[in-house]
Amino acid sequence: MIHQEPGRGYVLGVDAGGTSSRALLTAADGTVLGTGRSGGANPNSHPPAEAAAHIVEALAAALDAHNPGRVRACVVGLAGASKLTDPAVAELFGKAWAGLGLGCEVRVVSDAEAAFASATSAADGTVLVAGTGSIAGRIRQRRRIATAGGYGWLLGDEGSGFWIGREAVRSALATLTADREEPGPLARAVLTEALGAHEAHGTGLRTAHRLITTVNGQPPVRLARFAPLVSALADTDEAAGTIVGEAAAHLVRIALASRDAGERTPVVLVGSVLGEGSPVGARVREQLAGVDVLASSDGVAGANWLAAVEAFGEQAPRPLSG
């Protein structure tokens, strides 16, 4: 049975990332009417047909028995949204959600735009993302109009989890190949993670070559697994502390590169590298002192609120919990 709620209809928001897709249906007053969840939907890391199907599954679960024709706006915050510049991929996604019978067009924005909207009602500002990768975006009228960084692991992503992990391995290799000093705590932690506890106390060229062979034999993104070792040792190991400082400097640099001189708009931080308990995040906040630095709360709430603004105007309430 289809529910026939009174009022002005409702809105849908989706946070579609690499590992999961979440949807949120709310009424005009922000009341949550339904939620849905499915698998990852980044079309750069999943087959586009699979990615689109996951978004539709999350949307359908959120709608449940509610009338899809009364949805007045739907915003999908999509990781890998640039993939939809391929007409074939865009058509595939459009056909996938056309079957839902929504009373509106689906608007796709970047996951960074949804993250920015989750933290602030400001129309302009900067979003700084540092997880496995890194990128900064200039936000104007809640749209990302320019970026700094974000070139991927081969060409950039400085300050990201991948970059931090790679620097940790490089630091360990520098110690092992120089053979002038005993490897410190970070190098030992890298060896344990990469080669196992039985080789944690290895030294010299043989151990260095084992580390090189092991790391090069795995997908590059696996380097990000060494990043938590750097965070854990940042206060006690000189090499780890240096990497943290350099990562923060890179991230602040791309954040400032996406801003006008003297700009006072908010900077929204997104991703595990910039979390409250992260030493890199702490350094970034210190270096951005004087700027309103916020943390992204929940991308699906941001996407839902963008849909609410589209449907009901600037005074639209944010989703109400519970």
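Ala-23 stands opposite Gly-36 of strand β3, and this pair belongs to the antiparallel arrangement in which β2, residues 20-27, is joined to β3, residues 32-39, by seven bridges. The two strands form a hairpin with four residues between them, and within that turn Gly-30 has a positive phi of about 90 degrees.

The model is a predicted one, and it has a mean pLDDT of 90, with 97% of its residues reaching 70 or more. Over residues 1-6, however, the pLDDT is below 50, although this stretch has 13 contacts in the model beyond near neighbours in sequence. Where pLDDT is low, the predicted coordinates should not be read in detail.

Among the helices, α5 covers residues 185-195, and its buried residues are Leu-186, Ala-187, Arg-188, Val-190, Leu-191, Ala-194 and Leu-195. What covers these buried residues includes α4 (161-178), α6 (204-216), α7 (227-233) and α8 (238-257). Just after α5, Gly-196 takes a positive phi of about 100 degrees.

Helix α8, which is part of that cover, has 20 residues that should span 28 Å at 1.5 Å a residue, and because its end C-alpha atoms are 29 Å apart, the model agrees with that expectation. An α-helix has 3.6 residues a turn, so residues three or four places apart point the same way.

The remaining points concern loops. Most residues other than glycine have a negative phi, which is the background against which two further residues can be read. Asp-64, in the loop between α1 (48-63) and β4 (71-78), has a positive phi near 50 degrees although it is not a glycine. Arg-142, in the loop between β7 (134-140) and β8 (143-149), likewise is not a glycine and has a positive phi of about 65 degrees.

Which of the two words, buried or exposed, applies to Asp-64, and which applies to Arg-142? Asp-64 counts as exposed because its relative accessibility is 63%, and exposed requires over 50%. Arg-142, by contrast, has a relative accessible area of 13% and is therefore buried, since the cut-off for buried is under 20%.

Terms used
Residues are numbered from 1 along each chain as its sequence is written. This is a predicted model: local features need pLDDT of at least 70, side-chain atom pairs count only at pLDDT 80 or more; totals for chains, interfaces and linings use all residues. Side-chain values use heavy atoms; hydrogens and water are left out. Buried means under 20% relative accessible area, exposed over 50%, partly exposed in between (1.4 Å probe, protein chains only). pLDDT is the predictor's confidence in each residue, from 0 to 100. Contact means heavy atoms within 4.5 Å. Two strands pair if DSSP finds at least two bridges between them. The expected span of a helix is 1.5 Å times one less than its number of residues.
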